[in-house]
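User: Hi! I have a model open here and would like to talk it through with you. Could you take a look?

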Amino acid sequence: MNKVDRDRSRRRLAVDRLMYFLCFLCVLIAVVPLLSVLYYVAASSLAIINFSFLTGLPRPPDEYGGIGNAMQGTFIVVATASLIGLPIGVFAGIYLAEYGNNRIGGSIRFVADILAGVPSIVVGLFAYSFIVLAMKRFSALAGGVALAAIMIPIVARTTEESVKLVPNTLREAALALGITKWRTALYVAVSTARSGILTGIMLSIARISGETAPLLFTAFGNRYWAVGIDQPVETLPVRIFNYAIAPYDRWHAEALGAAFLLIILMLAINLLVRFAVRGRYSPTR
Amino acid sequence: MGFGDLVFESVAAGFAFCIIALLILIAYELIAKSALSIDKFGWIFLISTTWDPVHEIFGALPFIFGTVVSSILALIIAVPLSLGVAIFLSEMAPSSVRFPISSLVELLAAVPSVIYGLWGIFVMAPILRIHVQPTLAKTLGFLPLFQGPMHGVGMLAGGVILAVMILPTISSISREVLRAVPDVQREAALALGATRWEAVRISVLSYARSGIIGAVILGLGRALGETMAVTMVIGNRPEISASLFALAHTMAAVIANEFAEATYDLYLSALTEIGFLLLLVTCFVLTIGRLLVWRIVRVPKGVTL
């Protein structure tokens with residue numbers, strides 16, 4: 001090996017190491033915002049979280065209030081969305097997995113992916129003109145419909161992926177025993193894939209619990225306890241938004257407290273499905 | 001086919017068609033409700049810079065400008081970083097650290113937008129104002145991009161926060177694309193004496209190119225429609241300025257800010273038309289991105305959407 005060759009191979013190795021280092025640096029930079037968000041929200045909210053904060057009603061900016069009604073409202077809106085969205089999403093996913101291996105299935109799959117990418121604020125506009133205008137007032141129901149529209153494509157695609165992971169030999173075994181196709185789909189394929197389906201459902205619930213934009217002019221907001229599904233309700237994300245942009249320090253602190261709860265909920269669901277429900281037929285890897 | 005089969009398949013198909021019906025319904029509602037504004041302003045709506053609710057004059061150009069510029073800025077920041085993450089996770093990292101690192105990166109996507117906004121207001125914007133913007137003004141201040149008063153919030157803050165939010169999207173889809181590159185590609189390059197990086201550059205990245213472009217476009221689709229975090233840090237002023245330090249506004253942000261307070265039908269209609277434009281653009285962008293990615297790999301849906 002002469003000197004030129006040696007220099008060149010040394011340079012190539014140096015480039016190789018440099019790129020390894022740069023890619024690793026990218027990973028470090030990428031996780032800085034996550035750690036910073038978690039640290040900031042946790043560190044600045046611990047002082048404010050106590051019983052009256054968790055159960056109380058909002059107060060004027062010169063005294064500390066609570067987020068009880070916001071938690072109640074988030075629960076109502078997410079439950080409404082789940083009641084509407086889960087049956088549609090799960091059955092659509094089963095259809096895509098078991099009967100969707102054709103052009104119709106392909107187009108539904110495609111539309112589901114597009115729908116999952118539609119900006120959530122646009123979904124809010126839809127729920128406004130579809131429900132709020134018809135009922136002539138902001139309501140928890142309208143918020144639930146908006147969140148359901150966000151939830152459906154997510155649940156449909158994760159359900160599909162989970163059911164598809166069930167090996168065909170299981171279906172064939174059932175069919176060979178003379179079990180009808182629909183019973184096979186439901187009691188063999190879907191039942192085997194249930195931990196994966198559950199994962200998708202949990203992740204979609206985590207996702208919609210933090211959605212703010214579609215609730216701004218559907219569920220709107222409410223300073224008091226929710227009284228009905230046809231009335232405006234307060235939700236955690238909307239409270240965080242309104243308090244964060246208000247000019248009062250106390251409200252900023254309360255926004256951080258509410259954000260802490262929301263982040264805990266989000267992390268708990270995500271870590272749970274990542275480490276606990278990681279079954280054989282689960283779409284998250 | 002038995003009766004039970006027929007019933008089950010029809011029920012499942014009915015629910016599946018709900019998805020198509022839903023997208024059509026969303027588009028229909030938005031067109032119907034923006035008719036008033038479309039009739040009144042026509043194409044001028046897209047190029048007019050005046051947004052004056054008091055005098056009932058509406059033009060969307062400042063918002064379109066803000067959405068486009070903040071998204072491009074986000075791509076400029078996020079694309080190299082997310083490709084680095086994807087390459088590290090798929091080609092370089094020892095397998096024992098892959099799962100923890102990819103989990104961390106994907107948790108970025110799980111944090112709600114409004115919490116990024118909160119962090120943007122109280123942590124990121126002050127850092128930008130005190131450290132980043134003075135440095136940029138000092139070193140690159142001869143460019144019109146980095147001139148003017150420094151508020152912390154503004155176009156630059158909007159772009160940075162969008163970059164944080166689309167990074168997990170681009171990196172996890174790119175990673176799926178890289179994973180779909182056949183091992184023989186890498187082995188062929190390594191067998192010819194390429195270093196690990198040369199194998200990645202020559203045989204992996206070139207094979208995966210269209211899929212990676214697709215991943216970037218899907219990230220763009222997410223950036224265009226992102227609302228809460230952006231509206232909290234971009235300053236919400238409908239002006240077109242050459243400087244990245246200036247306050248700006250986006251299409252999604254103006255809907256979030258003004259819709260609940262819009263007092264008359266034309267105002268609501270103009271905001272809905274902006275929403276409809278946003279729907280059209282994102283559908284178009286997502287379709288292209290999806291098709292490019294599908295040429296390489298069927299992306300399993302799940303954590304990152």
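User: How many residues does the contact take from chain A and from chain B?

Analyst: The contact takes 81 residues from chain A and 74 residues from chain B, where two residues are in contact if their C-beta atoms, placed from the backbone, lie within 7 Å. This is a predicted model, in which local features need pLDDT of at least 70 and side-chain atom pairs count only at pLDDT 80 or more, while totals for chains, interfaces and linings use all residues. Residues are numbered from 1 along each chain as its sequence is written, and chains are lettered from A and ligands numbered from 1 in the order in which they are written.

User: Which helix gives the most to the chain A side?

Analyst: Helix H1 (residues 3-45) of chain A, with 20 residues. Helices here are DSSP runs of H or I with at least four residues, strands are runs of E with at least two, and both are numbered from the N terminus.

User: And by class, what is on that side?

Analyst: The side of chain A that touches chain B has 63 nonpolar, 11 polar and 7 charged residues. Ala, Val, Leu, Ile, Met, Phe, Trp, Tyr, Cys and Pro count as nonpolar, Asp, Glu, Lys and Arg as charged, and the others, Gly among them, as polar.

User: Switching to H4(A): which of its residues are buried?

Analyst: They are Ile108(A), Arg109(A), Val111(A), Ala112(A), Asp113(A), Ile114(A), Leu115(A) and Gly117(A). Buried means 20 or more other C-beta atoms within 10 Å of a residue's own, with C-beta atoms placed from the backbone.

User: What do they pack against?

Analyst: In chain A, the buried residues of H4(A) pack against helix H3 (68-99) and helix H6 (140-164); in chain B, against helix H1 (3-41), helix H9 (209-225) and helix H12 (265-296).

User: OK, now H7 and H8 of chain A. At what angle do they cross?

Analyst: The axes of helix H7 (residues 168-176) and helix H8 (residues 181-192) of chain A come within 10 Å and cross at roughly 150°. Therefore H7(A) is roughly antiparallel to H8(A), a term for angles over 145 degrees. Axes are lines fitted to C-alpha atoms, for helices over the stretch in contact, with angles from 0 to 180 degrees between N-to-C directions.

User: Which residues meet there?

Analyst: Leu170(A), Arg171(A), Ala174(A) and Leu175(A) of H7(A) meet Thr184(A), Val188(A), Ala189(A) and Thr192(A) of H8(A). The residues of this contact divide into 5 nonpolar, 2 polar and 1 charged.

User: Last one: what makes up the secondary structure of chain B?

Analyst: Chain B has 12 helices and 2 strands. Its C-alpha trace spans about 75 × 70 × 30 Å along its principal axes, and buried residues make up 53% of its 305 residues.

Notes. Angles under 35 degrees count as roughly parallel, over 145 as roughly antiparallel, 65 to 115 as roughly perpendicular and the rest as oblique. A residue is buried if 20 or more other C-beta atoms lie within 10 Å of its own, exposed if 12 or fewer, and partly exposed in between; C-beta atoms are placed from the backbone.
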